[in-house]
Amino acid sequence: MIRALIIDDEQHAREELELLVEETGAFEVLGSCTNAIDALRRIRTEKPELLFLDIQMPALNGFELLAMIEDELMPHVVFVTAYDEHALKAFEEKTLDYLLKPVSPERLLKTVNKVRETIRRGEPPRYQVEPLRHIPCQFANRVKLIPAADVEYVFSDLAGIHLVTSEGQFFTELTLKVLEERTPLLRCQRQYLINPDMIDEIKLLDNGSAEIKTQLDHVLPVSRRYLRQLKIRLKL
Amino acid sequence: MPLVFQLLQQTAVIIVIAYLFSKSPAMDYLTGAKLQRRQLLVLYVVFSLFSILGTYAGLPVQGAIANTRAIGAVLAGLIGGPVLGLSVGLTAGLHRFSLGGFTAFSCSVSTTVEGLIGGLVYLYLVRRKKPEQLFHPFVAFSATLIAEVLQMSIILALARPFGDAVALVKVIAVPMICANSVGAALFISMIRDQKRVRDKVGARFSSKAFTVADRTLGILSQGFSPETAREMVEVIRQETGVGAVAMTDRKEILAFSGIGADHHHAGNPVVTKWSKQALRENKVVFANGYDDHFQCPLAEHCPIGSVLVVPLQVDQEVVGTISLYEPKTKLFLNINRSFGEGLATLYSHQLLRSRYEEQKTLLVQSELKLLQAQVNPHFLFNALNTIMAIVRKDADQARELLMQLSNFFRTNLKRKKDIVTLEEELVHISSYLEIEKARFGERLTVNQEIDPTLLTLQIPVFTLQPLIENAIKHGVADLLDHGQVWIRAYRKQGLVLIEVEDNAGNYCKPMDTQGLGMRLVDQRIKNIYGDEFGLTVDCEPQRKTLVQLKLPASEELKNDSCINH
């Protein structure tokens, strides 16, 4: 049984796909999610092997969800869409397979075989993900999408990951690693990422580490380990 | 003082010659505009002759000549500037020198100086930006007065023996100063009058041209057809007073008015060689009536004697002609000739514009039709997917939805009318909305606030659908929950406003960067009702997008030609 998660914002579409997927007898449906944020949480807790992922979703679409998932957790992905205006063929390498709505059971069986074959070979899914232009954050009980360019720096503490912008601090579900890989933010210390466009000055300290003063006058630590990388990235 | 009167008599002769001159084509050079080198040369010859004539017409007085030579020199400077004045003065001076006498040298110098004085006045007035003053008689009078006083001084200074010079000046000073100044003033006032008459004729001609253009361009904008041609030829004939006017297309006479109308009929094929030539060679053809006689191929007794045929063209291509005719008993006026040619150019431009407008409208129409007939695949497949899911749970609802879907596509396919009522349009989009409501479930609420008196309002077909589609696709479909759409129609300040609002606030772009559907709706409304109507988009990011359609409040939509082409 392949552990699968279904993600679609439309209730009827979700239920229909759940039914069809269960009818194949090949999947254990872990559940279904209505949006990308929800899905990210479920992926972390349930660690599914396969996603049936709708592309057109409100706020964050299917591609953006993929960009938010850590590499270690990345499941295999089957895109599901009503109409391939995205020229699905062009990103076949970004996905294992794709299904068109309404989904026919026969077509779904082909997908089952393809998925089984891939899992049997034991290849970990490696999809080309796009850079994240927006970082989803929890804000009251809404999801706020903060443009990556607006972020001043990011830090982690026991409570989680926090984005700092000129408008304040926001909590995000994404990990520092994902943010480092998929946004222009640079690591400057184990617990800090800095937006290079927001650096006002870098002050070198005696012990080989450094401090960054941001344009909003925040001071961030730079560890020796990351200072070297930072210098290379900033061409210093 | 008989000398004054004798001199004035001489002046009168010169003035008569000047009058004849002012009637000649050389007058064209005295329009006050900047003179060309060739014109300056002509003026040099003319004024030198005047000046020399002044010498010959002079009266011998005490071994010298009391004369009116100064008029030519001063006026040459005044009209043509210092160079012309100097040249004429020098020429007349040299001529005077050749005649001899004890003042020969002093007179030749003084005449040159007099020309220069005219030129200096010219420079002064042109620099002060008052060139129109050059033709003021008082200016000519004063300039000549000063020039003559100077001449007397020069004679006293240069002519020897000095005693003779003093005696001479005593006799001739007053008569010459008077006669020359008055003569110059009269000359200039004559030229000025002549100019005024010409300006008046020109003004009358241009006002006539404007009247004709004004009265006919409006007619022409309704199209180039026998009906509009008939009205136009009437106007042109009334305003120009020519014998007859005709308009043709490439093959036949569209309209004919005036003499010879008994055998020149609308609907006849184009037969005269002049019209055929104009059509064939795309050029103006003129039979002036004396070298080239118009000969009517239809009737012996045809009174027409001369003709001007001007081709009408659109994009280098001849679409027809305008012909002006005069009877055998009348000369074809030059003025009417240039008028006819100008008119044809004007009409050609208007025809080009109409054609452009027409094509623009047609383009919008056909693009809209295409868009309308196009099945939106997203909508279709999502609808089918939704219905497939619902079939399992609620067959009745599924049947209902399939009905709505088929209604929606049927109306989209069969709508042949260009104008529908608001009610028909609302029924059409309600099918669409029912399906979208089933698809999005609780995430979509639609609110309608329609003024019931507006249900019969006539609007262009397919006006609402793109607006609603936008509100769903970029609005509600992008919200996690509680998507709302408002559809309103109401009257306000003599306008009808139709609004579609959503609470997503996602398409905050100006109108010209909106999707094709929205732009076409806007374009079509503007084409039909004018630029003050159409679509506006008002957006508060994350809060709302309001698309407002502004229409005139008149109940009946005119069966507009834009639509039914």
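**Reading the model together**

Tutor: Chain A has 6 helices and 15 strands; helices (H or I, at least four residues) and strands (E, at least two) are DSSP runs, numbered from the N terminus. This is a predicted model, where local features need pLDDT of at least 70 and side-chain atom pairs count only at pLDDT 80 or more, while totals for chains, interfaces and linings use all residues. Residues are numbered from 1 along each chain as its sequence is written, and chains are lettered from A and ligands numbered from 1 in the order in which they are written.

Student: How many of the residues in chain A are buried?

Tutor: A residue is buried if 20 or more other C-beta atoms lie within 10 Å of its own, exposed if 12 or fewer, and partly exposed in between, with C-beta atoms placed from the backbone. In chain A, buried residues make up 37% of the 236 residues.

Student: Which class does A:Phe139 fall into?

Tutor: A:Phe139 lies in strand S6 (residues 134-139) of chain A. A:Phe139 counts as partly exposed because it has 14 C-beta neighbours inside 10 Å.

Student: Which residues is A:Phe139 in contact with, leaving aside its neighbours within four places in sequence?

Tutor: Two residues are in contact if their C-beta atoms, placed from the backbone, lie within 7 Å. Leaving aside those neighbours, A:Phe139 is in contact with A:Lys144 and A:Phe170. As for distance, A:Phe139 and A:Gln169 are 30 residues apart in sequence, with 9.6 Å between them in space, C-alpha to C-alpha. For chain A, take the contacts between residues at least 6 apart in sequence: 56% of them join residues at least 24 apart.

Student: How many residues of chain A are in contact with chain B?

Tutor: On chain A there are 13, and they are in contact with 17 residues of chain B. The chain A side has 6 nonpolar, 3 polar and 4 charged residues. For those classes, Ala, Val, Leu, Ile, Met, Phe, Trp, Tyr, Cys and Pro count as nonpolar, Asp, Glu, Lys and Arg as charged, and the others, Gly among them, as polar.

Student: Now for sheets. How do strands pair?

Tutor: Strands of a sheet pair through backbone hydrogen bonds, either parallel or antiparallel. The cut-off is that two strands pair if DSSP finds at least two bridges between them. In chain A, 3 strands form an open sheet in the order S13-S14-S15, with antiparallel pairing. Strand S13 (199-204) and strand S15 (219-222) of chain A stand at the edges with a single partner strand each, so one side of each is left without a neighbour in the sheet. S13(A) and strand S14 (residues 210-214) of chain A pair over 5 bridges, and A:Ile199 has A:Thr214 as its bridge partner in S14(A).

Student: What is the strand order of the open sheet in chain B?

Tutor: There, 5 strands form an open sheet in the order S9-S11-S12-S14-S13, and the pairing is mixed. Its edge strands are strand S9 (444-450) and strand S13 (534-540) of chain B, each pairing on one side only. S13(B) is joined by 7 bridges to strand S14 (residues 544-552) of chain B, and the two run antiparallel. B:Leu535 has B:Leu549 as its bridge partner in S14(B), while B:Thr536 stands opposite B:Gln548. S13(B) and S14(B) form a hairpin with 3 residues between them, and B:Gln542 in the turn has a positive phi of about 65°. S14(B) is also joined to S12(B), by 8 bridges, again antiparallel, with B:Ile498 opposite B:Leu549.

Student: Last one: at what angle do helices H3 and H7 of chain B pack?

Tutor: Axes are lines fitted to C-alpha atoms, for helices over the stretch in contact, and angles run from 0 to 180 degrees between N-to-C directions. Helix H3 (residues 69-80) of chain B and helix H7 (residues 162-220) of chain B pack at about 50°, their axes 9 Å apart. That makes H3(B) oblique to H7(B): angles under 35 degrees count as roughly parallel, over 145 as roughly antiparallel, 65 to 115 as roughly perpendicular and the rest as oblique. The residues of this contact divide into 7 nonpolar, 2 polar and no charged.
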